[in-house]
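Trainee: Could you walk me through a model like this one, feature by feature? I'd like the general idea each time, then the case at hand.

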Amino acid sequence: MTTSTPLDQSLLYPSPLKEFWQAFAHNTGALGGLAFMILLVFCALFAPWVAPHDPSEQYRDFLLTPPVWLDGGQWQFLLGTDELGRDLLSRLIHGARLSLLIGLASVVLSLIPGILLGLVAGFFPRLLGPGIMRLMDIMLALPSLLLAVAIVAILGPGLINTIFAIAIVSLPSYVRLTRAAVMGELNRDYVTAAQLAGANLPRLMFVTVLPNCMAPLIVQATLSFSSAILDAAALGFLGLGVQPPTPEWGTMLASARDYIERAWWVVSLPGLAILLSVLAINLMGDGLRDALDPKLKNAQ
Amino acid sequence: MLSFIARRLGLLIPTFFGVTLLTFALIRLIPGDPVEVMMGERRVDPEMHAQAMERLGLNKPLYQQYFDYIGQLASGNLGESLRSRESVWNEFLTLFPATVELALAALLFAGTLGLIAGVVAALKRGTPLDHGVMSIALTGYSMPIFWWGLLLIMFFSVGLGWTPVSGRIDLLYDIPPVTGFMLIDTLLSDEPGAFVDALRHLILPAIVLGTIPLAVIARMTRSAMLEVLREDYIRTARAKGLSPTRVVFVHGLRNALIPVLTVFGLQVGTLLAGAVLTETIFSWPGIGKWLIEAIGARDYPVVQNGILLIACLVILVNFTVDILYGLANPRIRHQK
């Protein structure tokens with residue numbers, strides 16, 4: 001029998017991507033966060049062209065120039081200059097590069113081993129699981145920032161070490177999440193079916209089970225991206241992160257502390273950049289969670 | 001219940017040894033020569049170098065060093081600070097009350113305000129008030145608290161002159177440390193106005209440290225309340241004609257509090273990490289500032305065992321929360 005009647009499009013199940021986007025776009029906060037992130041990523045990628053000045057160029061005649069809308073503001077320095085006469089806007093734009101780089105690199109560096117360890121712990125709950133989970137418990141015994149501080153105290157401050165410290169710190173949450181999701185999936189019929197069909201272990205792990213565990217992992221990756229930016233800034237602020245004169249937001253705040261009575265802009269603006277970026281990512285994370293994983297809705 | 005506690009204790013011991021392994025490794029993973037790093041100079045005289053290696057026990061095989069370390073810990077010897085020559089344990093004990101005082105004040109601030117905000121948002125669900133409260137909560141949750149502290153200092157201390165910029169109490173007052181808690185010690189002393197002064201020093205750091213817990217508690221209270229308000233027993237309570245206040249607070253909030261209390265426990269780690277930043281900003285003489293200064297000065301005994309002490313504290317608090325949760329919820333207790 002051939003069907004000649006045209007299919008009613010509205011009865012078709014929407015593609016997963018479209019369905020996801022509809023759920024995500026429903027959340028205005030998440031859309032706002034996404035818009036801000038796109039702007040930030042654009043600034044970060046094209047920093048040398050977007051920034052009006054070189055971030056380390058010192059304009060000695062314009063020390064602590066206020067932003068343009070205040071008395072004494074200069075049009076060439078839209079957001080003013082810092083204590084060495086460097087253009088604040090340019091430093092903030094270049095700082096976005098560093099923050100996003102640290103966030104992205106540390107998420108990737110912890111997501112991949114985290115998933116692997118979580119899969120192993122989930123697939124071998126008697127043999128390897130307890131050992132891996134104990135190790136993660138030990139790492140969780142220290143608050144994340146303190147553990148990062150300890151790691152940096154060993155390795156020494158700097159960009160690469162900051163990334164490593166934050167990646168190590170966020171590892172346990174990925175391992176625990178992956179393991180929990182894997183253990184939930186392993187009892188399902190489709191896994192048994194794949195086993196009976198002769199799928200080998202790597203195939204079972206990566207092709208059969210892992211894709212079904214991705215939703216909470218994506219949400220977690222977003223959240224740990226924002227906490228990576230916060231922790232990197234905190235390390236920079238404590239003098240243990242990226243070192244001056246590199247325009248990292250936390251490092252900029254640390255050197256601005258001495259001018260708290262005279263120049264509010266050098267103190268306020270780097271922090272505002274951190275807050276807005278973290279807020280934007282968290283808003284996106286909330287939207288992603290609601291769109292990907294309705295079970296987690298309202299959960300902390 | 002006893003078997004539940006025993007099982008949790010059994011989990012505690014390997015975690016504790018793991019943490020000692022971490023702090024043991026800490027001092028030995030420093031790149032370069034540990035003696036040179038600790039003395040802060042290059043090319044130390046070979047004889048002194050050998051002596052220092054001997055004194056620190058670094059010339060023995062690794063496993064021997066670890067057993068020595070555990071033996072020292074077991075006999076209560078946490079080493080002494082390279083800077084002050086004071087024992088690490090004594091330094092910790094004198095500074096710890098300051099951190100506890102700050103953390104308790106922060107938790108009080110966060111708990112009261114967070115519960116109120118969460119309940120109000122849940123009751124007014126979907127209204128602009130709910131959206132406003134939740135937006136503020138998310139902003140608080142995203143706050144870089146070291147910046148938040150600087151902003152508050154800039155506004156209230158420098159701009160308005162309402163609160164002092166740093167420290168626990170004005171240098172004018174000479175308060176003998178009795179309990180280590182400044183608020184109590186000032187009350188015990190006869191210095192007039194000292195208590196108020198101590199309180200003024202405490203307000204801003206407590207607000208800064210309490211901001212993230214406040215946001216977490218507000219979000220958690222709201223979602224727990226929303227869950228509870230849907231329950232049948234709430235409808236029954238309403239149907240029997242109880243006053244709305246009684247329904248919300250006695251029937252609703254009491255049941256919503258269980259998940260919120262666990263969040264309280266989980267915030268201890270956040271508070272200790274936040275204390276590092278808050279104490280650095282406000283020059284608050286607690287263990288967070290102590291640890292950061294020790295790292296800056298390469299005072300490795302303090303760094304090593306300070307981290308160990310903080311980790312043990314977090315482990316113990318989590319253990320207590322686990323036990324309390326087991327008491328409140330039999331389902332957890334009987335989980336294998």
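Mentor: Let's start with a term: helices (H or I, at least four residues) and strands (E, at least two) are DSSP runs, numbered from the N terminus. With that, chain B reads α-α-α-α-α-α-α-α-α-α-α-α-α-α along its sequence, that is, 14 helices and zero strands. As for bookkeeping, residues are numbered from 1 along each chain as its sequence is written, chains are lettered from A and ligands numbered from 1 in the order in which they are written, and side-chain values use heavy atoms, with hydrogens and water left out.

Trainee: How many helices and strands does chain A have?

Mentor: Chain A has twelve helices and zero strands. From its N terminus the elements go α-α-α-α-α-α-α-α-α-α-α-α.

Trainee: What does the confidence score say about chain B?

Mentor: pLDDT is the predictor's confidence in each residue, from 0 to 100. Where it is low, the predicted coordinates should not be read in detail. Chain B has an average pLDDT of 83, and 93% of its residues score at least 70. For the model, ipTM is 0.82 and pTM is 0.85.

Trainee: What are the dimensions of the two chains?

Mentor: Think of a box drawn around the C-alpha atoms. For chain B that box is roughly 85 × 55 × 40 Å along the principal axes, and for chain A the C-alpha trace spans about 80 × 60 × 30 Å.

Trainee: And what share of the residues is buried in each chain?

Mentor: Buried means under 20% relative accessible area, exposed over 50%, and partly exposed in between (1.4 Å probe, protein chains only). By that rule, 48% of the 336 residues in chain B are buried, and 51% of the 300 residues in chain A.

Trainee: How do I read the surface totals?

Mentor: Accessible areas come from the Shrake-Rupley method with a 1.4 Å probe; for residues, only the protein chains shown count as cover. Chain B exposes about 16,900 Å², with carbon and sulfur atoms supplying 65% of it. In chain A the accessible surface is about 14,500 Å², and 65% of that belongs to carbon and sulfur atoms.

Trainee: Where do the charges sit relative to each other?

Mentor: Lys and Arg count as positive and Asp and Glu as negative, while His and the chain ends are not counted. Each charge is placed at NZ of Lys, CZ of Arg, CG of Asp or CD of Glu. Chain B has 26 positive and 25 negative side chains, and the centres of these two sets are 18 Å apart. Chain A has 16 positive and 19 negative charges, with mean positions 11 Å apart.

Trainee: Which residues does UniProt list for the domain in chain B?

Mentor: UniProt positions are given in the numbering used here, feature names are shortened, and annotations may be inferred rather than shown by experiment. The unreviewed UniProt entry lists "domain: ABC transmembrane type-1" at residues 96-325 of chain B. In the model that span is 80% helix and 0% strand, and its end C-alpha atoms lie 27 Å apart. For chain A, UniProt (unreviewed entry) puts "domain: ABC transmembrane type-1" at residues 96-285; this span is 79% helix and 0% strand, with end C-alpha atoms 19 Å apart.

Trainee: How do the annotated transmembrane regions look in the model?

Mentor: For chain B, the unreviewed UniProt entry's "transmembrane region" annotation includes residues 102-123 and 144-163. Residues 102-123 of chain B are 100% helix, with end C-alpha atoms 32 Å apart. Residues 144-163 of chain B are 75% helix, and there the end C-alpha atoms are 21 Å apart.

Trainee: Is S283(B) buried, partly exposed or exposed?

Mentor: S283(B) is partly exposed, with a relative accessible area of 34%. It sits in the loop between α11 (244-282) and α12 (287-296) of chain B, and has a positive phi of about 50 degrees although it is not a glycine.
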